[in-house]
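User: I have a model open and would like to go through its side-chain contacts with you. Can we start with the polar ones?

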Amino acid sequence: MTYEMISIIIAVVGVVVGVVNKKTLWGRCVIALSLIIMGMSVAIYSVGTILEGNDKAKETVSPAGIAVGGTSIEETSVPAATDFPTKAVETVSPPPTDPPIKKVNLLGLSSYASNYAHIRENRSDNLDNQYKKVLTGDDGDWIAYWLAGQYSRFKGTFFIQASSKNAKSVYRFEVWGDDQLLFESPDITQGFIPDQFDINVQGVNALKIIFVLKKGSEWSEVIGIGDPTLE
């Protein structure tokens, strides 16, 4: 029991005693004094209650932390995202790759010299295989291209053209590079099965192709070289 409650009880008792003896002077004095004590006690009790409530409210949340059961728990600072150590990202380089192969159709280039050799379009061989561009010629016809050493392989298909599949003459063609014989085809005649060639032209500047009649009478444009390419 608090001091204020005791004072109020005493004041109440004093008022009761004073009322009983109110006809006497001292009884009236006891009543007045008891009322004064009771009023002061009530006022003190009320003020104390208000102040106690404010203190509890302050303890609920304080700048220093959170109060739990009268004990203040300090706030724990959380490091920012940038405070955490970061693992360096390893850069993996892609494996080296070979440069793309430069591939061109020889017959799409400009020749620097020729002797009656011809470039025909959309021709077929004796087995009806189709070619966009065909190099052909008769005995002694030739054509030359300047490669400037930019290519390493010369490839293509050689055959009897469909228009001359019944020819019995025997033809060949030769490929020269810088005045050196690089390739000589087998005999090409009636019934020949289309074949392919792959010639090393590494470092070659001047490439020359010659058509040769090996046997029999001459027919016009018997053999052909279909879509020859440089790589």
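User: Which side chain does Glu-174 join in a polar contact?
Analyst: The side chains of Glu-174 and Trp-176 are joined by a polar contact of 3.0 Å, where a polar contact is a pair of N or O atoms within 3.5 Å, one able to donate a hydrogen and the other to accept it within protein, and residues adjacent in sequence count only if both atoms are side-chain atoms. This is a predicted model, in which local features need pLDDT of at least 70 and side-chain atom pairs count only at pLDDT 80 or more, while totals for chains, interfaces and linings use all residues. Residues are numbered from 1 along each chain as its sequence is written, and side-chain values use heavy atoms, with hydrogens and water left out.

User: Is Glu-174 buried or exposed, and where is the nearest side chain of opposite charge?
Analyst: Glu-174 is buried and has no salt bridge, with Lys-214, the nearest side chain of opposite charge, 6.0 Å away. Buried means under 20% relative accessible area, exposed over 50% and partly exposed in between, using a 1.4 Å probe and protein chains only. A salt bridge needs a side-chain nitrogen of Lys or Arg within 4 Å of a carboxyl oxygen of Asp or Glu; for charge, Lys and Arg count as positive and Asp and Glu as negative, with His and the chain ends not counted.

User: What else does Glu-174 touch?
Analyst: Leaving aside residues up to four places away in sequence, Glu-174 touches Leu-181, Phe-183, Glu-184, Lys-208, Ile-209, Ile-210 and Val-212, a contact being heavy atoms within 4.5 Å. Glu-174 itself lies in strand E10; strands (E, at least two residues) and helices (H or I, at least four) are DSSP runs numbered from the N terminus.

User: Glu-184 is in that list, so which residue does Glu-184 meet in a salt bridge?
Analyst: Glu-184 meets Arg-172 in a salt bridge of 3.0 Å, N to O. The pair links distant parts of the chain, Glu-184 being in strand E11 (residues 180–184) and Arg-172 in strand E10, 12 residues apart. Glu-184 is partly exposed at 36% relative accessible area, and Arg-172 is also partly exposed, at 22%. Arg-172 forms a salt bridge with Asp-187 too, the closest N and O atoms being 2.5 Å apart; here Asp-187 sits in the loop between E11 and E12, 15 residues from Arg-172.

User: How many salt bridges does the count come to?
Analyst: The count comes to 7 salt bridges. Among them is Glu-121 with Lys-133, at 3.1 Å between the closest N and O atoms, and a network of salt bridges links Arg-120, Arg-123 and Glu-221.

User: How does E13 run against E8?
Analyst: E8 and E13 run antiparallel and are joined by 5 bridges, two strands being paired if DSSP finds at least two bridges between them. Within that pairing, Ala-144 stands opposite Lys-208 in E13. Ala-144 is also the bridge partner of Ala-113, and strand E5 (residues 113–115) pairs with E8 in the antiparallel sense over 3 bridges.
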